[in-house]
Amino acid sequence: MTRIGFFGILGSGNLGNDGSLDSVMGYVRERYPDAQLGFLAMGPEQLAARYGAPATHLQWYEPHAGDATGLRAAGLKVLGKLLDPLRTWAWVRGFDVVIVPGMGVLEATLPLRPWALPYSLLWLGVTARLTGTKVALVSVGSDVVRKRGTRWVITRAARLAHYRSFRDEHSREAMRRMGVDVRGDEVFPDLAFGLDDPEPRPSTGAVGVGVMAFHGGNDDRARADEINRAYLGAVKRFVRLLADEGRPIRLFTGDVADDEVPAEIVAAVPGADIVAEPLTSLQDLMRQMAAVDVVVATRYHNVLCALKSAKPTISLGYARKNDVLMETMGLGGFCQSAREPDFDRLVAQFRELEDRREELGAVLKERNRVVRERLERQFATLSESVIERSRA
């Protein structure tokens, strides 16, 4: 019996990460229906309930986080960092293969400390090498990390993996620039493209706006509040413009960290026709997106779901990965930065997007066909290069 584990920030409220897992789980359950599965993740209770397989906390400290403050909390964190390598070793040795399903595990485009996920990923690689378990980083995201400590941990974790593939050429090139030999690594589409397409719905004239609690990335901590004010100010102004034109608006999020943003926008535009329904998965997000004509979004997987749904899209993005995705799907001219949003340009992009909606929708449908074929090759390669070899 094949034993397959899954590792990462999973089950904790990030819809993009969980969508990537859903995509790989669909492949695994179809190809290896008798496989023994397990999770080392941030939200083990949710994963165990969803998939009916045992799940363990990624970090020992997490279950204790709500019960400790001050010196006790600091002490428990230190204790957890000492215990986590042993816990990881005990978990890893129970599997033939551990899959890290997509996600931006090799980047720091949002605030990230080296002793958080990078530390856990490093020990995953170390313990896997000691136990003979294969680690597969599957269609993951990367970017050049400037913080020296975080970069050191991430690159060593990447080197310890038995298999790596990247979700775009930018990610592979970033790892090469950080000193990792990527000559044998392939580029495949983001795993979320493997999810089922939503049912089409008739045009409603609605505009989808994907919002985020955005404060910049690792290098922006000194001006995080300034970035957040500029970003939310532009989004509120854009929503107010849509409301003044009588357009229905649907607000989308992508992480539990974003939950308060829709309410802030609704309060800033009283009387507008705004719907902000709770989301539980990327499939749920795409079902809601099916009711809109065009999308303006910030989170990477909000943008991806809009493109996958063949919705003409503007990326008000926070990292190069947003731009690369838009270029890949033929909409590279509809990007700008969430750090320094240009409202007048956003409006001009929106007008052009609406004027070319039918044309761009056809482009997206063709690009999606090509992407899906490439992703099927990713799953075939994962079987041939990792899972089947682990069973030999």
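Trainee: Before we start, what counts as buried here?

Mentor: Buried means under 20% relative accessible area. Keep in mind that this is a predicted model.

Trainee: OK, so is Tyr27 buried or exposed?

Mentor: Tyr27 has 9% relative accessibility, so it counts as buried. Tyr32 is buried too, because its relative accessibility is 6%.

Trainee: How many aromatic pairs are there?

Mentor: The count comes to 9 aromatic pairs. Tyr27 and Tyr32 make an edge-to-face pair, because their ring centres are 6.3 Å apart and the planes stand at 90 degrees.

Trainee: And what about Trp91 and Phe95, how do those rings sit?

Mentor: Trp91 and Phe95 form a tilted pair, with 4.7 Å from centre to centre and 45 degrees between the planes. Both Trp91 and Phe95 are buried.

Trainee: Which residues form an aromatic cluster?

Mentor: Phe6, Phe39 and Tyr51 form one.

Trainee: Switching to helices. How do helix 3 and helix 4 pack?

Mentor: Helix 3 covers residues 70-92 and helix 4 covers residues 117-131. They pack at an angle of about 45 degrees, and their axes are 9 Å apart. That angle is why helix 3 is oblique to helix 4.

Trainee: Which hand does the crossing have?

Mentor: Helix 3 passes helix 4 in a right-handed crossing.

Trainee: Who makes the contact?

Mentor: On helix 3 you have Lys81, Asp84, Pro85, Thr88, Trp89, Trp91 and Val92. Helix 4 brings Tyr119, Trp123, Leu124, Thr127, Ala128 and Thr131.

Trainee: Next up, helix 7 and helix 12. What angle do they cross at?

Mentor: Roughly 45 degrees, and the axes come within 10 Å. Helix 7 is residues 224-244 and helix 12 is residues 343-355. With that angle, helix 7 is oblique to helix 12. Helix 7 passes helix 12 in a right-handed crossing.

Trainee: Which residues touch in that one?

Mentor: Helix 7 uses Ala234, Arg237, Phe238, Leu241 and Leu242. From helix 12 come Phe343, Leu346, Val347, Phe350 and Arg351. By class, the contact of helix 7 with helix 12 has 8 nonpolar and 2 charged residues, with no polar ones.

Trainee: Let's do some loops. Where is Ala108?

Mentor: Ala108 lies in the loop between strand 4 (97-101) and helix 4. Its relative accessible area is 14%, so Ala108 is buried.

Trainee: What does Ala108 touch?

Mentor: Leaving out residues up to four places away in sequence, Ala108 touches Val145 and Asn218.

Trainee: And how far apart are Ala108 and Glu354?

Mentor: Ala108 and Glu354 are 34 Å apart in space, C-alpha to C-alpha, and 246 residues apart in sequence.

Trainee: Last one, Thr253. Where is it?

Mentor: Thr253 sits in the loop between strand 9 (249-252) and helix 8 (261-268). Thr253 counts as buried, because its relative accessibility is 12%.

Trainee: Which residues is Thr253 in contact with?

Mentor: Leaving aside neighbours within four places in sequence, Thr253 is in contact with Leu15, Val211, Asp258, Asp259, Pro262, Leu279, Leu285 and Asn302.

Key. Residues are numbered from 1 along each chain as its sequence is written. This is a predicted model: local features need pLDDT of at least 70, side-chain atom pairs count only at pLDDT 80 or more; totals for chains, interfaces and linings use all residues. Side-chain values use heavy atoms; hydrogens and water are left out. Axes are lines fitted to C-alpha atoms, for helices over the stretch in contact, and angles run from 0 to 180 degrees between N-to-C directions. Helices (H or I, at least four residues) and strands (E, at least two) are DSSP runs, numbered from the N terminus. Angles under 35 degrees count as roughly parallel, over 145 as roughly antiparallel, 65 to 115 as roughly perpendicular and the rest as oblique. A crossing is left-handed if the near helix is turned anticlockwise from the far one by less than a right angle, and right-handed if clockwise. Contact means heavy atoms within 4.5 Å. Rings of Phe, Tyr and Trp (its six-membered ring) pair if their centres lie within 6.5 Å; planes under 30 degrees apart count as stacked, over 60 as edge-to-face and the rest as tilted. Buried means under 20% relative accessible area, exposed over 50%, partly exposed in between (1.4 Å probe, protein chains only). Ala, Val, Leu, Ile, Met, Phe, Trp, Tyr, Cys and Pro count as nonpolar, Asp, Glu, Lys and Arg as charged, and the others, Gly among them, as polar.
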